[in-house]
Amino acid sequence: MAVSPVSPDELERQHTLSTATTRYDELRMRDALASMAGDAPPLSRTEALEMLALSEVVIRKAGYGRQAMVRTARAAGASWTQIGAALGSTKQAAWEAHNRWIEEQGES
């Protein structure tokens with residue numbers, strides 16, 4: 001019997017960043033223990049697919065939060081040079097990433 005995988009879109013509606021991270025960590029730890037100990041049961045196909053979808057949810061939600069913080073930093077008077085430094089990139093890369101994100105939000 002085929003099990004339909006849970007989509008990131010479905011999980012994104014069900015989880016906050018915190019709950020998605022917590023569930024992802026639970027599954028990741030069980031997977032790691034099963035690999036190391038050998039006597040712990042491996043993740044089921046459904047759980048492995050859930051963990052994969054949750055990783056996408058965490059990436060998405062963290063990205064939304066990062067862009068919100070960029071807006072907050074700009075509103076507080078931070079320069080693009082300062083924002084780039086805080087993100088570990090250049091001012092140009094920070095500005096381009098933020099503007100690309102804004103354009104993508106308009107397309108959704």
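**Reading the helices**

Modeller: Let us begin with Ser79, which lies in the loop between H3 and H4. This is a predicted model, in which local features need pLDDT of at least 70 and side-chain atom pairs count only at pLDDT 80 or more, while totals for chains, interfaces and linings use all residues. Residues are numbered from 1 along each chain as its sequence is written, and side-chain values use heavy atoms, with hydrogens and water left out.

Colleague: How are the labels H3 and H4 assigned, and is Ser79 buried, exposed or partly exposed?

Modeller: Helices (H or I, at least four residues) and strands (E, at least two) are DSSP runs, numbered from the N terminus. As to exposure, buried means under 20% relative accessible area, exposed over 50%, and partly exposed in between, with a 1.4 Å probe and protein chains only. Ser79 has a relative accessible area of 28%, so it is partly exposed. From Ser79 to Thr46 there are 33 residues in sequence and 45 Å in space, C-alpha to C-alpha.

Colleague: How does one judge the span of H3?

Modeller: The expected span of a helix is 1.5 Å times one less than its number of residues. H3 has 31 residues, and its reach of 45 Å from first C-alpha to last is close to the 45 Å expected. Just after H3 comes Gly77, with a positive phi of about 100 degrees.

Colleague: Which residues of H3 are buried, and what do they pack against?

Modeller: Contact means heavy atoms within 4.5 Å. The buried residues of H3 are Glu47, Glu50, Met51, Ala53, Leu54, Val57, Lys61, Gln67 and Val70. They pack against helix H1 (8-14), helix H2 (17-37), H4 and H5. Glu47 counts as buried because its relative accessibility is 18%. Leaving aside neighbours within four places in sequence, Glu47 is in contact with Leu27 and Arg30.

Colleague: What does Gln67 touch?

Modeller: Gln67, also in helix H3, is buried, with a relative accessible area of 6%. Not counting residues up to four places away in sequence, Gln67 touches His98 and Trp101. Although Gln67 and Trp101 are 34 residues apart in sequence, their C-alpha atoms are 7.7 Å apart in space.

Colleague: How is the packing of two helices described?

Modeller: Two packed helices are described by the angle between their axes and the distance between the axes. The axes are lines fitted to C-alpha atoms, for helices over the stretch in contact, and angles run from 0 to 180 degrees between N-to-C directions. The axes of H2 and H3 come within 9 Å and cross at roughly 140 degrees. Those of H3 and H4 come within 10 Å, crossing at roughly 145 degrees.

Colleague: What is the handedness of each crossing?

Modeller: A crossing is left-handed if the near helix is turned anticlockwise from the far one by less than a right angle, and right-handed if clockwise. H2 and H3 cross in the left-handed sense, whereas the crossing of H3 and H4 is right-handed.

Colleague: Which residues meet where H3 packs on H4?

Modeller: From H3, Arg66, Val70, Ala73 and Arg74 meet Trp80, Ile83 and Leu87 of H4. The residues of this contact divide into five nonpolar, no polar and two charged. Here Ala, Val, Leu, Ile, Met, Phe, Trp, Tyr, Cys and Pro count as nonpolar, Asp, Glu, Lys and Arg as charged, and the others, Gly among them, as polar.

Colleague: Which residues of H5 are buried, and which are exposed?

Modeller: Buried in H5 are Ala94, His98 and Trp101. Seen down the axis of H5, its buried residues fall within an arc of 60 degrees, so they line one face of the helix. They pack against helix H3 (45-75) and helix H4 (80-87). The face of H5 turned away from the buried side carries the exposed residues Glu103, Gly106 and Glu107.

Methods
Arc of directions from axis to C-beta.
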